[in-house]
Amino acid sequence: MTQAVATTQAAAARAASPALRHLLVTLAYLLVIVGVWHLYVTLADVPVYLLPAPDAVWQSLVTMSEQGLLWGNVLYTVRNILIGFVGGIVIGMVLGYVLWASRWAREIAAPYIVVLQAAPKIAIAPLLVLWFGLGFESQLVLILMLSFFPMMVSMRLGLESISSDVETLGRLLGMSRWRYFRTVQLPGSMPELMSGAKIAIIDAMTGAFLAEYISAQVGLGYLMVLGNSSYNTPMLIAAVLLTVLAGLAGFGAIGLLEKRLLRWRRSH
């Protein structure tokens with residue numbers, strides 16, 4: 001019994017060791033960045049309106065939290081990112097499958113999709129406001145326009161990566177199209193899909209912040225506008241830092257999911 005407990009504790013320690021090391025390295029990077037930032041602002045005597053010190057930005061975060069400006073805006077942006085990201089995954093995977101399965105769809109729809117994606121979103125965003133208004137709808141459309149494309153490309157690449165021999169074997173086994181997709185194509189496309197998801201989550205966040213910067217009355221993009229228009233540089237920097245943290249959290253979450261879903265690759 002004692003030996004089993006010791007073995008379990010040793011296994012837990014081995015599993016936690018990489019995560020702890022990664023956390024310590026991340027904290028070390030943050031300390032270096034904040035330290036260099038503080039030294040530069042102090043030694044160069046940089047005015048607050050140009051670049052505030054880290055403690056001023058922290059105080060701005062505390063003030064916004066006390067005034068009720070912080071968490072509502074953070075949650076609003078996170079909600080929009082999640083809805084747009086999930087919607088982009090679904091739309092992108094469906095379109096990717098249709099483009100892979102149908103030559104007619106590729107020839108007819110693919111050029112329009114590429115043209116739509118190549119159009120600068122900063123120019124399209126005001127049009128979306130005119131068409132869908134200042135509310136959630138125009139923001140969601142912009143997020144979807146940015147996030148579906150990498151998933152569509154990844155889905156198609158993943159399906160094309162599956163060998164024709166596997167497809168022949170599926171037909172010989174009498175697998176239905178849905179069963180073949182669920183048991184062969186989807187797992188086989190997972191590496192490409194996870195790569196696409198990493199790009200899509202960043203694109204979803206870019207779309208959310210851009211939409212809020214242009215049209216919203218709430219969200220982290222709105223805090224940037226508020227800080228910029230009121231010459232409150234600590235608030236502006238705080239909103240930017242929260243944006244970066246949201247991006248790192250989203251990318252990290254996809255990375256963890258990728259490690260869990262693609263554990264089989266580490267065994268090769």
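Author: An axis here is a line fitted to C-alpha atoms, for a helix over the stretch in contact, and angles run from 0 to 180 degrees between N-to-C directions. The model is predicted, so local features need pLDDT of at least 70 and side-chain atom pairs pLDDT 80 or more, while totals for chains, interfaces and linings use all residues. Residues are numbered from 1 along each chain as its sequence is written, and side-chain values use heavy atoms, with hydrogens and water left out.

Helix α5 covers residues 121-132 and helix α6 residues 136-160 (helices are DSSP runs of H or I, at least four residues, numbered from the N terminus). Their axes come within 8 Å, crossing at roughly 145 degrees. The crossing of α5 and α6 is right-handed (the near helix is turned clockwise from the far one by less than a right angle).

On the α5 side, the residues in contact (heavy atoms within 4.5 Å) are Lys121, Ile124, Ala125, Leu128, Val129 and Phe132. They meet Glu137, Ser138, Val141, Leu142, Met145 and Leu146 of α6. By class, nine residues of this contact are nonpolar, one is polar and two are charged (nonpolar: Ala, Val, Leu, Ile, Met, Phe, Trp, Tyr, Cys, Pro; charged: Asp, Glu, Lys, Arg; polar: the others, Gly among them).

One cavity of 30 Å³ or more turns up in a search of the whole structure (a cavity is a set of points on a 1 Å grid over the protein atoms alone where a 1.4 Å probe fits but cannot get out; lining residues have an atom within 4 Å of a point). The largest cavity has a volume of about 50 Å³ (the space filled by probe spheres set on the points, which are joined across faces, edges and corners). Its lining consists of Ala125, Leu128, Val129, Ser138, Gln139, Leu142, Ala211, Ile214 and Ser215. Six residues of the lining are nonpolar, three are polar and none is charged.

Helix α9 also packs against helix α8 (residues 177-188), at an angle of about 55 degrees and with the axes 5 Å apart.

Helix α3 (residues 71-101) and helix α4 (residues 103-118) pack at about 130 degrees, their axes 7 Å apart. α3 is therefore oblique to α4. From α3, Leu95, Val98, Leu99, Trp100 and Ala101 meet Arg103, Ala105, Arg106, Ala109, Ala110 and Ile113 of α4. The contact of α3 with α4 has nine nonpolar residues, no polar ones and two charged.

Key
Helix = DSSP H or I, 4+ residues; strand = E, 2+ residues; numbered from the N terminus. Parallel < 35°, antiparallel > 145°, perpendicular 65-115°, else oblique. 1 Å grid on protein atoms, 1.4 Å probe; cavity = no way out; pocket = protein on both sides within 12 Å on 5 of 7 lines; lining within 4 Å.
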